[in-house]
Amino acid sequence: MNEQIERQQLVQQLVERGITDARVLDAMSRVPRERFVPPELRDQAYDDCALPIGEGQTISQPYMVALMTQELALEGTETVLEIGTGSGYQGAILAELCRHVVTIERLAPLSEAARRLFDELGYTNITCRVGDGSLGWDAEAPYDRIMVTAGAPDIPAELYRQLRMGGRLVIPIGSARHEMLSVVDKTETGPRVVEVCDCTFVPLIGAGGWHEDPRRGPEE
Ligand code: SAM
């Protein structure tokens, strides 16, 4: 089936699941997800599920991408920090909806592949960095919005610090096996946290996250 038709069908499913932000739906109908998945999985690119992208990592489920993006409430003028570049798909969706995206990935091969793809697709408002994103990227702080696409045990202190007052952080928080998608607003009186739904992400590994993969416990 033609990919444009598959994208429209996916967008229809997102509407049925409750995504209402027209700008988010529009971005999801434009970004070619098939370019962000491994060639052998292209026929599954528009299934509403996470897929492996190599290095033990995943491209997130489209519904979760749409929901997290909707929770960021972007208007188009923002600078957004994304932690966990992965395939680059979420970064491309953000780039459609804000002024500038800084995206950090700890695994250099994934970051390099995403950067090549951003160039091929003509994105000029995405900066790729390699490093421990749980510490943010101070050089370009403060950020209007921050999105973490890996699961953390708690709100990483450095990310909260690098968020501008009035800004918003969207992040999965919880134990190794059960996370809550959390929306954290930075207010004069401290973080205001709203839990949105259960979710499952690969772990945020770093100084402000898990010190090693918490799913590789002795019982496994
Ligand atoms: N946003 C991605 C996409 O659209 O494909 C999905 C990302 S995948 C679910 C999570 C990513 O976070 C993985 O690529 C992983 O290597 C990365 N990651 C985990 N801990 C990190 C850290 N401390 N800093 C930067 N990236 C990290």
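The protein chain contains six helices and nine strands, and the model shown here is a predicted one. Along the principal axes, its C-alpha atoms fill a box of roughly 50 × 45 × 35 Å. The radius of gyration of the protein chain is 16 Å, which agrees with the value near 17 Å that a compact globule of 220 residues would have. Of these 220 residues, 55% count as buried, and among the contacts between residues at least 6 apart in sequence, 53% join residues at least 24 apart.

The surface and the charges can be described next. About 10,000 Å² of the protein chain is accessible surface, and carbon and sulfur atoms account for 48% of this area. The side chains include 21 positive and 35 negative ones, and the centres of these two sets lie 4 Å apart.

The structure holds zero disulfides. Cysteine 98, accordingly in no disulfide, has the sulfur of cysteine 128 as its nearest cysteine sulfur, 13 Å away. For cysteine 197, the closest cysteine sulfur belongs to cysteine 199 and lies 5.8 Å away, which is too far for a bond, because a disulfide requires the two sulfur atoms to be within 2.5 Å.

The table sets out the accessibility of two of these residues.

| Residue | Relative accessible area | Class |
|---|---|---|
| Cysteine 98 | 7% | buried |
| Cysteine 197 | 21% | partly exposed |

Cysteine 98 counts as buried because its 7% relative accessible area is under the 20% cut-off.

Note on methods: Residues numbered from 1 in each chain as written. Predicted model: local features only at pLDDT ≥ 70, side-chain atom pairs only at ≥ 80, totals over all residues. Heavy atoms only, no water. Helix = DSSP H or I, 4+ residues; strand = E, 2+ residues; numbered from the N terminus. Rg over C-alpha atoms; globule rule 2.2 N^0.38 Å. Buried < 20%, exposed > 50% of the residue type's maximum accessible area, 1.4 Å probe, protein only. Contact = heavy atoms within 4.5 Å. Areas by Shrake-Rupley, 256 points an atom, 1.4 Å probe, with all protein chains shown as cover. Lys, Arg positive; Asp, Glu negative; His and termini not counted. Charge placed at Lys NZ, Arg CZ, Asp CG, Glu CD.
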